[in-house]
Amino acid sequence: MNVIDSKRIWLSSPHMGGTEQYFVKEAFETNWVAPLGPNVDGFEKDIETYLNNDIHTAALSSGTASLHLGLKLLGVTTGDEVLCQSMTFAASANPIVYLGATPVFIDSEKETWNICPEQLELAIKDRISKGKKPKAIVAVHLYGMPYNVEAIHAIAAKYRIPVLEDSAEALGSSYHGVKCGTFGDIAILSFNGNKIITTSGGGALISKNAKHKEKAIFLATQARDNAPHYEHSEIGYNYRMSNITAGIGRGQMQVLDNHVAKRRRNFEFYKKHLGDSSEINFLEEPKGFYSNRWLSCIVTSSYELREGLRLSLAEENIESRPLWKPMHQQAVFADCNAYLNGISDDLFDRGLCLPSGSNLEEDDLYRIVSVIKNVLR
């Protein structure tokens with residue numbers, strides 16, 4: 001097939017449900033086009049209703065902004081150390097540096113690819129022995145797979161270290177029937193264009209503590225004090241979500257469960273058609289874990305095969321991508337401490353993210369699988 005003539009298949013493209021335009025149109029008709037407004041309030045309530053765990057939500061401009069404010073609310077400041085899952089997107093770690101703190105990276109476990117409990121406790125003991133008790137833990141539900149909530153939070157409680165739950169990729173996932181985004185002292189969501197649902201750009205900060213929401217909104221709206229004039233006693237940020245953007249989110253929430261079902265369908269399709277190969281492995285759900293399968297990922301038998309698949313897919317106008325490059329391998333974090341077991345390095349070498357959008361057609365999936373099978377042959 002000529003790549004010029006073939007339809008582009010994206011890794012994870014936006015997928016509108018149809019009702020988004022209603023909420024956006026309403027915002028225009030009522031002139032609520034600036035930040036704040038009924039869509040923002042409604043979107044926050046939609047999220048709270050969906051997560052259904054007595055939580056409070058602040059809709060913000062991005063998942064990164066949510067992480068930044070979340071860490072600030074947990075008291076992270078200049079000179080602190082924050083433990084952070086190494087295998088993740090850079091936005092999990094960058095806000096630590098925004099606050100003048102230093103990330104300490106923790107490797108993955110094989111079962112979930114997420115933060116390893118053994119390495120986490122080893123790191124905590126070692127940092128305490130050096131007089132640097134960590135201020136917080138950033139744990140990520142990678143590609144929608146929940147981290148080992150029970151083990152991680154037991155360690156956090158043992159050493160009295162709060163957890164910031166990075167649920168940017170995991171809206172719609174759950175752990176033993178409880179929705180991801182409700183486990184941490186503070187949690188965050190992302191609504192970036194490639195996520196399970198999108199507001200084009202946006203995020204949310206979630207907490208069971210109503211004061212966290214109140215403080216987050218205060219900081220996100222330039223920390224303006226209660227006065228008739230512009231009075232500021234703290235440094236603030238322009239991090240609030242707009243009423244237009246929130247309108248897209250309201251429409252997207254109506255199709256969230258459908259999007260999760262379709263992404264899980266993608267994973268099952270790949271597993272059915274590729275699972276017999278000895279050169280490909282899939283990340284299975286441990287008992288009690290439910291992944292939204294935001295991205296369907298495989299681990300190949302070698303780096304060479306991983307690259308062969310990626311390049312062959314690219315030749316057919318199909319986007320795929322290596323798994324996240326661990327933060328401890330990134331040049332910008334070269335001087336940071338890391339507690340490693342080799343798992344994330346190996347996953348990066350051999351892992352590949354396959355197209356996973358909820359708008360993929362069955363013909364698209366067959367086309368992707370055909371390219372992969374040709375390489376395997």
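In the predicted model, strands β4 (residues 136–140) and β5 (residues 163–166) are paired in the parallel sense, with four bridges between them. Within this pairing, Ala139 has Glu165 of β5 as its bridge partner. In general, strands of a sheet pair through backbone hydrogen bonds, in either a parallel or an antiparallel arrangement.

Both strands belong to an open sheet of eight strands, whose order is β1-β9-β8-β5-β4-β2-β3-β14. The pairing across this sheet is mixed. Its edges are formed by β1 (56–60) and β14 (338–339), each of which pairs on one side only. Helix α2 (residues 38–51) lies across β1, β8 (186–190) and β9 (203–207). The direction of helix α2 is at about 135 degrees to that of β1.

Two cavities of 30 Å³ or more were found in a search of the whole structure. The largest cavity has a volume of about 70 Å³. Its lining consists of Trp113, Leu142, Tyr143, Met145, Phe267, Leu283, Ser291, Arg293, Leu295, Ser296 and Cys297. By class, eight residues of this lining are nonpolar, two are polar and one is charged.

The second largest cavity holds about 50 Å³ of space. Leu11, Asn194, Trp294, Leu295, Arg321, Pro322 and Trp324 line this second cavity. Five residues of its lining are nonpolar, one is polar and one is charged.

Note on methods. Residues are numbered from 1 along each chain as its sequence is written. This is a predicted model: local features need pLDDT of at least 70, side-chain atom pairs count only at pLDDT 80 or more; totals for chains, interfaces and linings use all residues. Side-chain values use heavy atoms; hydrogens and water are left out. Two strands pair if DSSP finds at least two bridges between them. Helices (H or I, at least four residues) and strands (E, at least two) are DSSP runs, numbered from the N terminus. Contact means heavy atoms within 4.5 Å. Axes are lines fitted to C-alpha atoms, for helices over the stretch in contact, and angles run from 0 to 180 degrees between N-to-C directions. On a 1 Å grid over the protein atoms alone, a cavity is a set of points where a 1.4 Å probe fits but cannot get out, and a pocket is an open set with protein on both sides within 12 Å along at least five of seven lines; lining residues have an atom within 4 Å of a point. Grid points are joined across faces, edges and corners, and a volume is the space filled by probe spheres set on the points. Ala, Val, Leu, Ile, Met, Phe, Trp, Tyr, Cys and Pro count as nonpolar, Asp, Glu, Lys and Arg as charged, and the others, Gly among them, as polar.
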